[in-house]
Structures are given as C-alpha cells and as structure tokens.
Amino acid sequence: MDFEFSPRVQQLKRQLQDFMDNYVVPNLPLWRQEIGDGLQHPACMEDLKALAKSEGLWNLFLPALEKEHGGQGLTNLDYAPLAEIMGRVHWAAEAFNCSAPDSGNIELLHMFGSEEQRERWLAPLLDGSIRSCFAMSEPDVASSDATNIQLSIRREGDEYVINGRKWFISGAAHPLCRFAIVMGVTNPDAEVHRRQSMVIVPFDTPGLKVVRNIPVMSHHFPGGHCEMVFRDVRVPRSNLIHEEGAGFAMAQARLGPGRIHHCMRSLGQAELALELMCERAADRRTFGRYLHQHANVAEWIALSRMEIEQARLLVLKTAWMIDRYGAKGAAREIAMIKAIVPRLHTTICDRAMQVFGAMGLSPDTPLAELWTWGRVLRIADGPDEVHLRTVARQEMEAAAERRGATLPYLNTPDFV
C-alpha cells in the first residue's frame, strides 16, 4: 500500500491550508457572533463558498464525479488529507461543499437517482445553492439496526403517502435545506432487508413539519439535529430513488464513505487539540516546572501523537481499500476506524482540557466544542457497539474457517 500523495494532492493540500489560514480561521469570531445572534446560516459562509468555488476548492469528496460534472475525480485516499485539514474547524467543510449530510445525498443521487432527480436536486446540491437532509433515525426504535425502521411509505395510485416520525436529522433547520431523503417501509411483508425504500420529500410538501431543533450535549449546532413529523405527506412515485426495497442496500452504500469522511475530519480536530495542549504545556508553570516537564503531561502528549499516527494509518488503509474494493470490501476497516477515531478524538480533547484547566471548559478555547462533536460521533452513523459487533463477527467467521489451526501452539501434556 502506497500512501504517498500525488503532486496534485500535495498542491491541493497547500492551497486548502492557505485558504483555511487566510479566510476560514480569520472568520471564526464573525461566525461565532452571528451564530450567537441566532443565525442558522452566517452570511460569511456564502462569501467563503463563492471564494472556494472560484479557487477550485469545490466538491472534492466524490471519486466518481469528474470535473465535467462538477467534481474533482479525487480518490478516497486523495481526499483524506484534505478532509483532515477542513476538520480543524467543524463547520469549514460547508465552505467547500463537502459537508454532511449533503455529501452522502449527492453520492446517493449520483449513483441511484433518475435523470429527473439529478436535474432537479443533484445539480443545485453540486452547485451549493441548496442543502438537504437525510431522514433515517427514529425515536421509537433502535435505528442503528435499520431493519427496525417503522415510518410508513404507502403506495397509493401515482403517489406515496408517508406517515411517521424521524429525529436527530442533521441539517433540517438549515435555511437552505430544500428536501429530505426519507427512508421508510414500503413493504412490511418482504424479506427483512427488502422492506425499506427511499423517497425524496421537498420541504414545502404539506404534512411535513420540523417539530424542534434538538440540542446535543446542551449545544445548538447550525443546521440542527431536528425532530420531524410526516403526516399524510404525499409525493409522486417519481420521487422514489432507484427502486422499491433498495433502501437498506442504498443506506449501506451511503454510510460507508460518510463514516470515513467523519473519521478524516476527526483526525484534524484531534491534531488541533494536541497543538493546543502543547502550546499550553509550554506556556504554563506549576510547582516550579512547565506543564510539559511533569511526567503525566509529557505522557499525554506522547500518547496523543502516537494514537493519532496509528489511527491515521488505519484511515488511509481504509480509504485505499474502498478505492479498490468498494465500501463492502472495506466493511471491517470502516467499522474499526468508526469505533477507534471518535474515542481517540474525545480522549485527546479531554487531555487538552485538563492541561488548560478551567479555561478548557469554557468557550475561550474550541476544546469543549471539539470534545462534544467527538462524543456525538460515537453514536452518529452507528454507535460503537454496532461497529465492534461487525469486527467481532468477521473475526469469528475467520476463526471458524481456520478452526484447529492453533492446536500445534498448545503445550498440553500427552496422556496415555
């Protein structure tokens, strides 16, 4: 496996880092002020989007999307260092049209959408003129098992009638959100993985209501994590994505790349937390020594660096495997990084907060916010337990195939 980045990616890294340093980071105070004033979409974001688009830093994430269709043609491995740079500021990916849930919805529509759906919904998403959300999780069932989903999508003539409730739907409160891709049950009597389908529901459809924007760990995120109700919502049958019964398979296709993108960005936030920790440890003294001269703080710094490097290598391996074998072929690696990276993310942020003391708990540093987002990722896109179960199951399947192979290593005595 060769993880050396091409000259083009090296150039994009420099260009993206310069953009972050010159435009995104200087806008942090303005962004915070406008969010504090109640704006869900700060005005500075549209300026950043226009500038990023003019510099060619746009739609970097989708390997199958070539330039003539609005993409960059980068592989997942190419995208990894770029996503890490964006991740240092949790809202920065939107400036480059690379943020969830739009990136996943773009991929769904690109792979499975009809020509009409691509023209009406995909084109403006790629242009960045609208946003979208993905309505999958439900309050009444354990949605980490997608076969539990209950929302009803009933065919009635030339329409689908939708009834049910969704929650923690990211982006649904964004003022530019124009539609939801909704996953629900079209045939409750079908085989368990063929019961679900996905339909496009425009946000102005009667019967669709955003009930509330749910705070996460007492934080309000721009765009929100919303609860939505669907009461006799009617959409034309042409709004069905791909075919009836394909919802479960499409969800798996969508979630694989989405999970690795989250991990790539998490590494950027972990790097920032480590940098902040080192700055603080070099500046503050206790009991006659700088903080980094105390053994426990030095250990935190060393462990943080080693953990980031280990996790980054596994993320790059996973990206490399997705590029060659698809998300299904990299299922074990995707599960591993999704369980590993958010844990190291919160662990490193926690160490940095401890080094900062009370200041680390305040809004004066980004650490509390970074920690919160890392904690969210231990549940979002599947909780840790689901991913650990996947890894364990594959390990046991492999063990069954080689059953007895370890017997020669045992030193049990022979009895006559």
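Q: How many of the residues of α10 are buried?

A: Keep in mind that this is a predicted model. In α10, seven of the 10 residues are buried, so counted under the 20% relative accessible area cut-off. The helix is mostly covered.

Q: Which ones are buried in α10?

A: L367, A368, L370, T372, W373, G374 and V376.

Q: And what covers the buried residues of α10?

A: The cover includes β7 (225-236), α7 and α9 (331-356).

Q: Which residues lie nearest its centre?

A: R32, H90, T365, P366 and E369.

Q: What's the lining like by class?

A: It has 16 nonpolar, seven polar and four charged residues.

Q: New topic, α4. Is it mostly covered or mostly open?

A: Mostly covered: 12 of its 12 residues are buried. Among them are D78 and E84, along with Y79 and M86.

Q: What do the buried residues of α4 pack against?

A: Three helices: α1 (7-24), α7 (247-283) and α8 (295-329).

Q: What span should α4 have, and what does the model show?

A: Helix α4 covers residues 76-87, so at 1.5 Å a residue its 12 residues should span 16 Å. The end C-alpha atoms are 16 Å apart, which agrees.

Methods. Residues are numbered from 1 along each chain as its sequence is written. This is a predicted model: local features need pLDDT of at least 70, side-chain atom pairs count only at pLDDT 80 or more; totals for chains, interfaces and linings use all residues. Side-chain values use heavy atoms; hydrogens and water are left out. Helices (H or I, at least four residues) and strands (E, at least two) are DSSP runs, numbered from the N terminus. The expected span of a helix is 1.5 Å times one less than its number of residues. Buried means under 20% relative accessible area, exposed over 50%, partly exposed in between (1.4 Å probe, protein chains only). Contact means heavy atoms within 4.5 Å. On a 1 Å grid over the protein atoms alone, a cavity is a set of points where a 1.4 Å probe fits but cannot get out, and a pocket is an open set with protein on both sides within 12 Å along at least five of seven lines; lining residues have an atom within 4 Å of a point. Ala, Val, Leu, Ile, Met, Phe, Trp, Tyr, Cys and Pro count as nonpolar, Asp, Glu, Lys and Arg as charged, and the others, Gly among them, as polar.
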